[in-house]
Structure formats: structure tokens, C-alpha cells
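Subject: Structure handover

Hello,

Here is the structure I said I would pass on. Please keep it open while you read the notes below it.

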Amino acid sequence: MSTASETDSARTAESTDGTGGADTTGTTDTTDGVLAEQLLRLTRRLHRIQKRHLEPLGITPAQSRLLRTVAHLSTARPPRMADLAARLEVVPRAVTTLVDGLESADCVRRVPDPENRRVIRIELTDTGRATLRRLRNARTGAAEEILAPLTADQREVLGGLLNALADAPAEHGC
């Protein structure tokens, strides 16, 4: 059992060395493990902040993602539910639930495909387009909050590093 002063010392080490208290004595596994934990913590923090910024709009982060995907895929014609499920990498039932919520908020509507009446497409409404504009502002606010501690140069470096990670080829089917 550790004492309060040992716990305080551990917390001080975590906050001053930037490693979260992890042993970073040189092994790649340890460094990668620390980086993985930092990325997970940042992802959770980003999700919490984004959720807080979206809450006044009455939109969940998942609904936000679906709405942006509908807008992106609608350049030629509105997407099918299956297109949305594939793009979002979720099961079709999850898309149905998200579309139900956005439809009740008058952000999207289901419309029959003019070429095949059995196919249902999802299109944005005027309310959905207005909501997208408000979502962009909320996302910008969340990003500004997350990035506030960084200088412009650090943000540029971070952007390059994130691009390198996001654009890396997937391994093991992930």
C-alpha cells in the first residue's frame, strides 16, 4: 500500500516528465506503449470535448459523423443506407438508428430511388444543411479547445505527424 506522499510523488513524475509515469528507459515497446496510451487519452478527451460542443445542437458525435457522410456522398445523388454503413464501417442496423434520430430532427429524409423503388436513399434537408454549418462551428470550437496549448509551429508539426499516421497503409486487415 502506498502512502499519500508516494502517490503525490508519482503524480508529480507523471506531470513533469510527460510520460504519464511510464518507464521510458529506452525500449521501443515501452515508448510505443506510452505513445499508444497518450493517443487513447487524447482520443477520449477529444470525444468528451466534441460531445460537449455538439450537445447544444441536439446531435451526438455519431449523428454528426453520419450527417457529414451524407453530405459528402451526396455530390452525385443521395447515398443508400448500405453506402452509409460501408463508409462508416458499421452494421446497417446502426445506420438505421442514426438515420431515425436525424430524420426526427428533420435533418435528413428517406426518399425512394427513382430507378429502383425498393432502394431507399438518404438526403439532407434544409435543416440538415443548416445543422451542418452549426456542426462545423462546433467542431472548430472543439479543435481550438484541444489545440489551445500548442503554438502555431507545434500545430503544423502535429498536422504533419497526424497525416503520416492517417495515411499509413493498413496492416493485418485493419
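At what angle do helix H4 and helix H5 pack, and how far apart are their axes? Helix H4 (residues 81-88) and helix H5 (residues 92-104) pack at an angle of about 110°, and their axes are 9 Å apart. That angle makes H4 roughly perpendicular to H5. On the H4 side the contact is made by Met 81, Leu 84, Ala 85 and Leu 88, and on the H5 side by Pro 92, Val 95, Thr 96 and Val 99. By class, these residues are seven nonpolar, one polar and no charged.

Some notes on the terms and the source. This is a predicted model, in which local features need pLDDT of at least 70 and side-chain atom pairs count only at pLDDT 80 or more, while totals for chains, interfaces and linings use all residues. Residues are numbered from 1 along each chain as its sequence is written, and side-chain values use heavy atoms, with hydrogens and water left out. Helices (H or I, at least four residues) and strands (E, at least two) are DSSP runs numbered from the N terminus. Axes are lines fitted to C-alpha atoms, for helices over the stretch in contact, with angles from 0 to 180 degrees between N-to-C directions. Angles under 35 degrees count as roughly parallel, over 145 as roughly antiparallel, 65 to 115 as roughly perpendicular and the rest as oblique. Contact means heavy atoms within 4.5 Å. Ala, Val, Leu, Ile, Met, Phe, Trp, Tyr, Cys and Pro count as nonpolar, Asp, Glu, Lys and Arg as charged, and the others, Gly among them, as polar.

The protein chain has seven helices and two strands, in the order α-α-α-α-α-β-β-α-α along the sequence. Of its 174 residues, 22% count as buried (under 20% relative accessible area; exposed is over 50%, partly exposed in between; 1.4 Å probe, protein chains only).

H5 also meets H3. The axes of H3 and H5 come within 10 Å and cross at roughly 90°, and the two helices are therefore roughly perpendicular to each other. Ala 62, Gln 63, Leu 66 and Leu 67 of H3 make this contact with Val 95, Leu 98, Val 99, Gly 101 and Leu 102 of H5. The contact has seven nonpolar, two polar and no charged residues.

The largest nonpolar core has 20 residues, of which Leu 66, Leu 67, Val 95, Val 99, Leu 102, Val 108 and Ile 122 touch the most other members (a core is a set of buried Ala, Val, Leu, Ile, Met, Phe, Trp, Tyr and Cys residues joined through side-chain atoms within 4.5 Å). Helix H3 (61-73), H4, H5, strand S2 (120-124) and helix H6 (126-147) each give two or more residues to this core. Leaving aside neighbours within four places in sequence, Val 108 is in contact with residues including Leu 67, Val 99, Leu 102 and Ile 122.

Ser 64 is in helix H3 and, at 0% relative accessibility, counts as buried. Arg 68, also in helix H3, is partly exposed at 28%. Beyond neighbours within four places in sequence, Arg 68 is in contact with Leu 132 and Arg 139.

Lastly, the loops. Glu 89, in the loop between H4 and H5, has a positive phi of about 60° although it is not a glycine. Glu 89 is exposed, with a relative accessible area of 72%.

Regards
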